[in-house]
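Please view the structure first.

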Amino acid sequence: MSKKEEVLKVIPEQGILPLYFNKDAQVSIDLLKALYSAGIRAVEYTNRGEAALENFKKMREVIDAEMPGMYLGVGTIKDAASAQAFIDAGADYIISPGLVDDVAEVSDKNGMLWVPGCMTPTEIIKAEKMGAKFVKLFPGNILGPSFLSGIKELFPNLLFMPTGGVDLGRDNIQGWFKAGVCAVGMGSKLVTKDIMENKKYDELVALTKEVIETIKSVR
């Protein structure tokens, strides 16, 4: 099984993709460890600050040394140079906020899973033509589960994941899975500002386990 196939298996299996960025490398690592201990095996680290690449490299080292089975992806990739830099740093998959042709090309050249962000049927059609297997519905809170319900049968071969505004509530999560997502992307609703600033890693472990159980119960 290729790495691309492995990631396409792991994210739907866990049903959630936690995503975050913190400018502090040690906090980034500690958050990663908390998520791993809660049972998470795929995480998106977002490319949202100057420290992102160096932090990512350190996180990769920790994963390779201490976290068997963990896949580390990078999000907010908007150009080919960034994609290549993170691939060179050991990224397992690439996520973009939109359709970026040169990022798709770099990912494909490196045998890497690329997940584009899409908001319209036209964008999803283009993503599929570009070879995407997995589409991020972004921003999820603007689109809502009813959007996916309306278009899902047009794209039987694609996996969908909303990101942006997905909350921890059972009704919200159930609505998305009923509409046909394979997973939900969760950022600040899960890895909250309070958890990051006050290093409440035990709270993150507990919240993550709760979400995993909720997803299992609504599928």
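Which backbone nitrogen does a side-chain oxygen of Asp-24 reach at the start of helix 2?

## The ends of helix 2

The model is predicted. At the start of helix 2, the backbone nitrogen is that of Gln-26. A side-chain oxygen of Asp-24 comes to within 2.9 Å of this atom.

## Length and burial

Helix 2 has 13 residues. At 1.5 Å a residue they should span 18 Å, and the end C-alpha atoms are 18 Å apart, so the two values agree.

Buried residues of helix 2 include Val-27, Ile-29, Leu-31, Leu-32 and Leu-35. Ser-28 and Tyr-36 are buried as well. The buried residues of the helix pack against strand 1, strand 2 and strand 3. They also pack against helix 3 (52-66), helix 10 (193-198) and helix 11 (201-218).

Six strands make an open sheet with parallel pairing, in the order 5-4-3-2-1-9. Strand 5 (113-115) and strand 9 (184-186) are at the edges. Each has a single partner strand, so one side of each lacks a neighbour in the sheet. From one strand to the next, the twist averages 25°.

Strand 2 (residues 42-46) and strand 3 (residues 71-75) run parallel and are joined by five bridges. Val-43 has Leu-72 of strand 3 as its bridge partner. Helix 2 (residues 25-37) packs on the sheet and touches strand 1 (16-20), strand 2 and strand 3. The direction of helix 2 makes about 165° with that of strand 1.

Note on methods. Residues are numbered from 1 along each chain as its sequence is written. This is a predicted model: local features need pLDDT of at least 70, side-chain atom pairs count only at pLDDT 80 or more; totals for chains, interfaces and linings use all residues. Side-chain values use heavy atoms; hydrogens and water are left out. Two strands pair if DSSP finds at least two bridges between them. Helices (H or I, at least four residues) and strands (E, at least two) are DSSP runs, numbered from the N terminus. Axes are lines fitted to C-alpha atoms, for helices over the stretch in contact, and angles run from 0 to 180 degrees between N-to-C directions. Contact means heavy atoms within 4.5 Å. The expected span of a helix is 1.5 Å times one less than its number of residues. Buried means under 20% relative accessible area, exposed over 50%, partly exposed in between (1.4 Å probe, protein chains only). A polar contact is a pair of N or O atoms within 3.5 Å; within protein, one must be able to donate a hydrogen and the other to accept it, and residues adjacent in sequence count only if both atoms are side-chain atoms.
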